[in-house]
Amino acid sequence: MKIADKNTSAVSLVKEALEKAKKYEDKHIFVSLNEENALKKAEEIDKKIAKGEKVGRLAGVPYALKDNFLSKEGNTTASSLILEPFHSPIDSTTVKKLEEEGAIMIGRTNMDSFAHGSSTENSYFGPTKNAKDDERVAGGSSGGSAVAVALDIVPFATGTDTGGSIRQPASFNGVYGFKPTYGTISRYGVVAMASSTDCIGFFTKNTEDMNLLMEICAGQDSNDMTTLPDYYNETEEKEVKKIGIIKDFDNDKVDENIRNALAKKVEFLKQKGYEIVELSMPTLKYALAVYYIIVPAEVSSNLSRHDGIRYGYRSDNAKDLGEIFSKSRNEGFMSENKRRIMIGNFVLSSGFYDAYYLKAQKARTKIIEEYKNAFEKVDYILTPVSPNPAFRLGEKVNDPVSMYLEDVMSVPINLAGVPSLAVPAGTTETGLPLGLQIVGPRRSDKNLLKFAKILEEDK
Amino acid sequence: MKIKREDILHLADLSNFSMSDKEIDSLGNDLENIISYISELNELDTDGVEPTYQVFEMENIWRDDEIKEQEATREDLLALTKESEENQIKVPKVL
């Protein structure tokens with residue numbers, strides 16, 4: 001990515017990004033732009049450069065921030081009504097780390113409200129359109145971030161991935177999207193969805209930029225007790241020999257274009273001398289049911305904090321304290337938020353806890369073991385990200401189960417806590433982007449990005 | 001599994017949503033479909049398998065009980081609420 005220096009000013013980089021953001025206004029990528037602050041910060045960086053002072057590794061680089069990252073600049077709405085008035089008094093750890101290196105946030109990107117969705121149609125502010133086709137979805141939940149990078153508005157954008165929310169929109173728009181090993185990047189200051197699977201990651205146009213962002217943002221944070229000690233910057237290189245493909249995923253439910261794209265990459269890897277190993281992972285077909293039990297359970301708990309009192313939206317129709325809670329929540333959440341909260345309360349309620357919640361946590365153990373066994377046989381696994389390329393706006397939004405089925409190949413990764421990178425893999429005949437994902441064992445993130453570079457050569 | 005109207009009312013109550021009759025009706029079908037889908041998990045044999053709540057099996061990570069410097073001030077936090085008085089958040093009368 002282009003970094004400000006003696007020849008390129010931060011102001012010109014930021015101005016260019018803002019101009020492009022406005023040019024694509026009809027795509028509805030941004031919830032809000034951060035024009036004034038961004039230009040001020042750019043001027044400060046240019047002054048430093050002119051004086052010969054040291055600047056960061058991302059000096060003057062404009063970026064887009066998913067609307068669920070807390071930042072003192074603008075409101076953090078999580079694309080919801082209930083947080084629409086919320087102006088954060090703190091910065092999330094990721095924002096802090098990026099800005100310490102000189103990155104400049106030019107705007108907040110649209111998402112499914114509270115990251116609940118796979119299309120960015122569940123946003124309170126309306127859907128984002130696909131980078132290549134105005135009649136199709138951007139994917140979700142980080143749809144705005146994916147499109148912002150795909151259209152070259154910014155060289156990188158932040159995302160969160162609880163069950164595919166970075167990788168699926170990355171593949172729908174033809175960019176790189178990385179979900180690291182669980183706990184690699186601090187979740188502090190990010191609107192919580194499901195704490196046991198939430199991961200912070202990025203969208204970029206290439207693997208080098210992704211590696212740089214990981215070098216900057218990985219590491220332990222005393223504000224997020226689940227963060228791992230920084231293994232990323234300490235990783236030793238490992239030779240890659242064997243690549244797995246999951247035969248259980250090879251079926252008619254996967255779009256032909258995606259199956260062909262996978263076959264093409266497999267052929268390319270064979271020619272490069274890698275051994276391709278067929279894996280059987282029979283528990284993965286249950287991962288989606290497991291996910292839609294565990295995640296709503298955690299959602300119902302995490303979203304109980306929105307009470308209409310301490311911060312955020314408060315209903316004007318409430319007459320007493322009880323109504324402040326129930327009316328603010330009912331008016332402030334979108335339908336999909338409510339469905340997930342209610343399903344969460346269902347699977348956690350007495351009488352159903354053992355049959356759903358506990359059962360799902362046991363199934364998660366089996367999924368984790370299946371990945372462990374797989375990574376004893378292969379170095380990485382190559383699979384589709386989702387069964388279909390970008391679908392049409394409105395096609396699935398009123399049928400929750402058909403929308404959930406789009407996540408069938410992305411959620412097992414989150415349940416197991418392993419890293420996965422969505423990589424572009426050509427297009428359909430009509431030009432719709434296709435994507436595949438490279439899945440690795442825990443803490444293999446750095447080497448995984450290095451390996452992905454080899455696939456970059458196959459255009 | 002059939003979801004009755006009273007079940008949905010109970011879940012709406014647990015979730016603290018004051019829903020209209022129309023909303024309750026439209027949610028019933030969705031919730032029934034979702035629950036029917038997640039019930040497919042019953043097929044999977046999990047006898048003798050331990051549950052995993054945290055993927056790195058981390059448990060109770062403690063820190064010293066010391067006051068850390070806080071980035072947000074009391075004023076910052078009170079500014080987020082709709083009504084406040086004398087450093088307290090104001091809500092309608094409870095009793």
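This is a predicted model: local features need pLDDT of at least 70, side-chain atom pairs count only at pLDDT 80 or more; totals for chains, interfaces and linings use all residues.
1. On the side of chain B that touches chain A, the elements giving two or more residues are helix 1 (5-14), helix 2 (21-38) and helix 3 (74-78) of chain B. Helix 2 of chain B supplies the largest share, nine residues. By type, the residues on this side of chain B divide into 30 nonpolar, 10 polar and 13 charged.

2. Extent of the interface. Chain A contributes 70 residues to the contact and chain B contributes 53 residues. Together the two chains bury about 5400 Å², and 66% of this lies on carbon and sulfur atoms.

3. Salt bridges across the interface. Five salt bridges are found between chain B and chain A. In the pair A:Lys338 and B:Glu23, the closest N and O atoms are 2.4 Å apart.

4. Overall form of chain A. Chain A contains 14 helices and 11 strands. Its radius of gyration is 21 Å, close to the 23 Å that the globule rule gives for 459 residues, so chain A is as compact as a globular protein of that length. Along the principal axes, the C-alpha atoms of chain A fill a box of roughly 65 × 55 × 45 Å. Of the 459 residues, 66% count as buried. Among contacts in chain A between residues at least 6 apart in sequence, 75% join residues at least 24 apart.

5. Helix 6 of chain A. Why is helix 6 of chain A described as largely enclosed by the rest of the structure? Eight of its 11 residues (residues 207-217) are buried, so the description follows from that count. The buried residues are A:Thr207, A:Asp209, A:Met210, A:Leu212, A:Leu213, A:Met214, A:Ile216 and A:Cys217. Their cover includes helix 3, strand 4 (156-161), strand 5 (176-179), strand 6 (199-204), strand 10 (420-427) and helix 14 (445-456) of chain A.

6. The ends of helix 6. Just after the helix, A:Gly219 has a positive phi of about 135°.

7. A buried loop residue. A:Ala103 sits in the loop between helix 3 (93-100) and strand 3 (104-109) of chain A. Is A:Ala103 buried or exposed? Its relative accessibility is 2%, so A:Ala103 counts as buried. Leaving aside residues up to four places away in sequence, A:Ala103 touches A:Leu58, A:Val61, A:Tyr63, A:Leu98 and A:Phe156.

8. Backbone geometry to check. The peptide bond joining A:Gly140 and A:Ser141 is cis, with omega about 10°. A:Ser141 belongs to the loop between strand 3 and helix 4 (143-150) of chain A. A:Ser79 is not a glycine but has a positive phi of about 50°; this residue is in the loop between strand 2 (62-66) and helix 3 of chain A and is buried, with a relative accessible area of 0%. B:Asn60, also a residue other than glycine, has a positive phi near 35°. B:Asn60 is in the loop between helix 2 and helix 3 of chain B and is exposed, at 58% relative accessible area.

9. Salt bridges within the chains. Over all chains the count is 36 salt bridges. A:Asp67 pairs with A:Arg108, the closest N and O atoms being 3.5 Å apart. A:Asp67 is in the loop between strand 2 and helix 3 of chain A and A:Arg108 is in strand 3 of chain A, so the pair ties together parts 41 residues apart in sequence. Both partners count as buried, A:Asp67 at 0% relative accessibility and A:Arg108 at 1%.

10. Further salt bridges. A:Lys238 and A:Asp379 meet at 3.0 Å, N to O, and the pair ties together parts that are 141 residues apart in sequence. Here A:Lys238 is exposed at 54% relative accessibility, whereas A:Asp379 is buried at 14%. In chain B, the side chains of B:Asp21 and B:Arg5 form a salt bridge (3.3 Å, N to O). B:Asp21 lies in helix 2 of chain B and B:Arg5 in helix 1 of chain B, so this pair ties together parts 16 residues apart in sequence. B:Asp21 is exposed at 55% and B:Arg5 is partly exposed at 37%. Salt bridges that share partners also join A:Arg57, A:Glu101, A:Glu215 and A:Lys446 into one network.

Terms used. Residues are numbered from 1 along each chain as its sequence is written. Chains are lettered from A and ligands numbered from 1 in the order in which they are written. Side-chain values use heavy atoms; hydrogens and water are left out. Contact means heavy atoms within 4.5 Å. Buried area is the accessible area (1.4 Å probe) that two parts lose on being put together, summed over both. A salt bridge is a side-chain nitrogen of Lys or Arg within 4 Å of a carboxyl oxygen of Asp or Glu. Helices (H or I, at least four residues) and strands (E, at least two) are DSSP runs, numbered from the N terminus. Ala, Val, Leu, Ile, Met, Phe, Trp, Tyr, Cys and Pro count as nonpolar, Asp, Glu, Lys and Arg as charged, and the others, Gly among them, as polar. Buried means under 20% relative accessible area, exposed over 50%, partly exposed in between (1.4 Å probe, protein chains only). The radius of gyration is taken over C-alpha atoms; the globule rule is 2.2 Å times the number of residues to the power 0.38.
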